Amino acid sequence: MNASAPELGWLSLLAAIALIAVPLGASSRLRLGLGRSIAVATARMVVQLALAGLYLRYLFAWNLPWLNLGWLLLMITAAALSACRNSELAWRTMLGPTFVATAVPALLVVTYVNAVVLRLDQVFEARYLVVIGGMLLGNTMSGNIIALTHFFHSAKADAGGYHFRLACGATRTEALRPLYREATRRAMRPFLATMMTLGIVSLPGMMTGQMLAGASPVDAIKYQMVIMFAIFTVLTTGVVLSLRLGSAVGFDRRGRVRGSIFEA
Amino acid sequence: MIEWRDISLQLGETRLFAGWSARVSKGERVRIRGRSGAGKSTLFQMALGFVEPDAGTVRVAGRPLTDDTVGEIRRQIAWVPQTVELGDGTVRQAFHDVVAFRANQALDASEAQMRALLERLALPSKTFEQPVSQLSGGERQRVAFAIAVLLRREIYLLDEPVAALDPHATAAVRRVLDDLGPETTVAVILHGDDWDDYREIALT
């Protein structure tokens, strides 16, 4: 007996894409002005996923550790770049810090998961490195966008408390501590909320996918837990590092936010 | 002690200073007056290195303010801004936060000293345990002033410290300033004709 989902044909996919007509219709009816964005986002998603299907097939087939690792680094670059862009910060200045802040925890944790938790023979195996890495990166990127946006915005807009602490003898790091704290909290909260309601409100995509593909719910859930702990760890350390490294380039020697950091 | 020399500064559309100079000598008491928007607070911001003039130099304690000297200069100045932000904890936490800065660890500033100062500044004794968010603007300024006094700085820059205060509290602030000793330098931004025993620096 085959428990897995029916094979999807092209016609079935087209039938799924047809669903987009509903949000498109809503956008036009309610004059949301999002028609173009919906069309572009749909097209991009389809093309990107198609390409992903293609490259993953080759990555899985070749399974060369250095290539897998190189691919992961490419994904990290894209995640870091997107974090800079979406927090409306100058990527030329911020890409370096954001890249390091994302890469270090992501590589460490994915290695830990593969070597210690899953006990893979080959730690950099494509199936695990690229797929798990991607899940870690997506969430860290979202966290970085929230944290960096809030941090630099409030360092500029509500400089009062920050300047007062500097005047009271604080180093830049000491003076920024409350801002670090608030930005980190804000970045962690959505994921914490997800953890709180997991299994009640939402069944995460990875788990759903695994179960649709025929895995037993218990196995899918175990993997999901592993992933959630890994994501949470990378998200937290990634955000903390991004804020620290980002403020090393985002402030001048007098402790003022550089105006150039906002010139996206 | 503080010198603004040939300062020019334009913020947005407004030209605040054009070749403006003034100085405050060591031990002097000065009041700064001028219409609102004339740049009174900006003078303090320049002395602390938060605002950089387009032209001219700022010197504090004989040294020009540069990227290298700004840290040390800030540690010579006690600043009470017009709007004081002390975090979202209690006054006690705000006090401990400041005392815990590495640069302040050699200071001996105790809770008892802080409480005594708050009392001298005509604040009720419960103030120390109160959340900062429950304090009025004038109360926050006095808390900031108390912290500043405990940091034992040489220069005091107070931005309208008594604007929101009743005569009793105003007199209390004045008494604490008078007791700071002749070697401290004080510049106060004031409205009206208060404190006319202080030398006046007028901004137009």
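Rings of Phe, Tyr and Trp, the last taken by its six-membered ring, count as a pair if their centres lie within 6.5 Å. In this predicted model, ring pairs of this kind link F151(A), F152(A), Y162(A), Y180(A) and F251(A) into a cluster. Over all chains, the count by this rule comes to 14 aromatic pairs.

A pair of aromatic rings is described by the distance of the centres and the angle of the planes. One pair to look at is that of F151(A) and Y180(A), which is stacked, with 5.3 Å from centre to centre and 5° between the planes. This pair links distant parts of the chain, since F151(A) belongs to helix 6 (residues 126-157) of chain A and Y180(A) to helix 8 (residues 172-197) of chain A, 29 residues apart. Both F151(A) and Y180(A) are buried.

In chain B, W195(B) and Y198(B) form an edge-to-face pair, whose centres are 5.5 Å apart and whose planes make an angle of 65°. Because buried means under 20% relative accessible area, W195(B) counts as buried at 10% relative accessibility, and Y198(B), at 4% relative accessibility, therefore counts as buried as well.

Note on methods
Residues numbered from 1 in each chain as written. Chains lettered and ligands numbered in written order. Predicted model: local features only at pLDDT ≥ 70, side-chain atom pairs only at ≥ 80, totals over all residues. Heavy atoms only, no water. Phe/Tyr/Trp six-rings, centres within 6.5 Å; stacked < 30°, edge-to-face > 60°. Helix = DSSP H or I, 4+ residues; strand = E, 2+ residues; numbered from the N terminus. Buried < 20%, exposed > 50% of the residue type's maximum accessible area, 1.4 Å probe, protein only.
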